[in-house]
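Let's take a walk through a protein model together. Have a look at the sequence and the fold, and then we'll go through some spots one by one.

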Amino acid sequence: MKKTYLSWSSGKDSAWALYQLQQNPNIDIVGLFTTINEKYNRAAMHGTRVEMLQRQADAAGLPIEIIKLPDVCSNEEYESIIGSFIEDVQKKGIECIAFGDLFLEDIRNYRKRQLKKTKIEPLFPLWKIPTDNLAKQMLESNLEAYISCVDKKKVPKAVAGKKWSQAILNELSKDVDPCGENGEFHTIVVNGPMFKNSIPISVGEIVEKEGFVFADIIPKNSY
């Protein structure tokens, strides 16, 4: 079995990638990792609280490594921080790093370049699955996620904070990807077949910032 880390966005796609990896007898998932904005202490774009990230990792039965990025982060700084992380996990014997990317070739190629000088193999368990089929699979498998961020140029801002569902997808424009892979929306997963338990949440403040609308998805029963 190959020791594998999964890049964890906190959303439905990385959660579904986790589920696919859990079913692969050749893969030993040993941990998750994610980047956060150190100023806001949240995962960028998804706006996920660190506490929620930890609750998700606990529900998956896995440790999570939090990588802090400065609020204003140049490409050079990002490359240096992620490069140090990759060096570290390679020393730990990690053989694969998995990603939940769906069809964006430039992002996939970037991931591969990041790992090219290492012995770590990039994995893309969801790659090129048609996103309408993928969304259907997720929803029929009782994956539960809440929409934490929307691009208000593409998606009505009233969708922020709503549960991701077929009913919501039916309301969106036909040019909106059902998985939001073009950045139309982002989600935070709270339950699904990849978790041992659900994460109860409340929807907090909804704010607009730089063309995006963010809903604060707050885990209940904090500890």
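Predicted model: local features only at pLDDT ≥ 70, side-chain atom pairs only at ≥ 80, totals over all residues.

Residues are numbered from 1 along each chain as its sequence is written, and side-chain values use heavy atoms, with hydrogens and water left out.

Let's begin inside. A nonpolar core here is a set of buried Ala, Val, Leu, Ile, Met, Phe, Trp, Tyr and Cys residues joined through side-chain atoms within 4.5 Å. Buried means under 20% relative accessible area, exposed means over 50%, and partly exposed is in between (1.4 Å probe, protein chains only). The largest nonpolar core has 53 residues, and Trp 8, Leu 143 and Trp 164 touch the most other members. Helix H1 (residues 12-22) gives this core its largest share, 6 residues. Helices (H or I, at least four residues) and strands (E, at least two) are DSSP runs, numbered from the N terminus.

A second, separate core has 14 residues, including Ile 67, Ile 86, Val 89 and Phe 124. So let's visit Ile 67: this residue counts as buried because its relative accessibility is 7%. Ile 67 sits in strand E5 (residues 64-69). Setting aside residues up to four places away in sequence, Ile 67 touches Phe 33, Thr 34, Thr 35, Ile 36, Ile 81, Ile 82 and Phe 85, where contact means heavy atoms within 4.5 Å.

Now for a helix. In helix H2 (residues 50-60), the buried residues are Met 52, Leu 53, Arg 55, Gln 56, Ala 57, Ala 59 and Ala 60.

Next, a loop. Thr 118 lies between helix H4 (105-115) and strand E7 (121-123). The Thr 118 side chain reaches back to the backbone oxygen of Leu 115 at 2.7 Å. Thr 118 also touches Ile 86 and Gln 90, not counting residues up to four places away in sequence.

Last stop: is Glu 205 buried or exposed? Glu 205 counts as exposed, because its relative accessibility is 60%. You'll find Glu 205 in strand E10 (residues 201-209). Leaving out neighbours within four places in sequence, Glu 205 is in contact with Phe 214, Ala 215 and Asp 216.

Methods: Polar contact = N/O pair within 3.5 Å; in protein donor to acceptor, adjacent residues only side chain to side chain.
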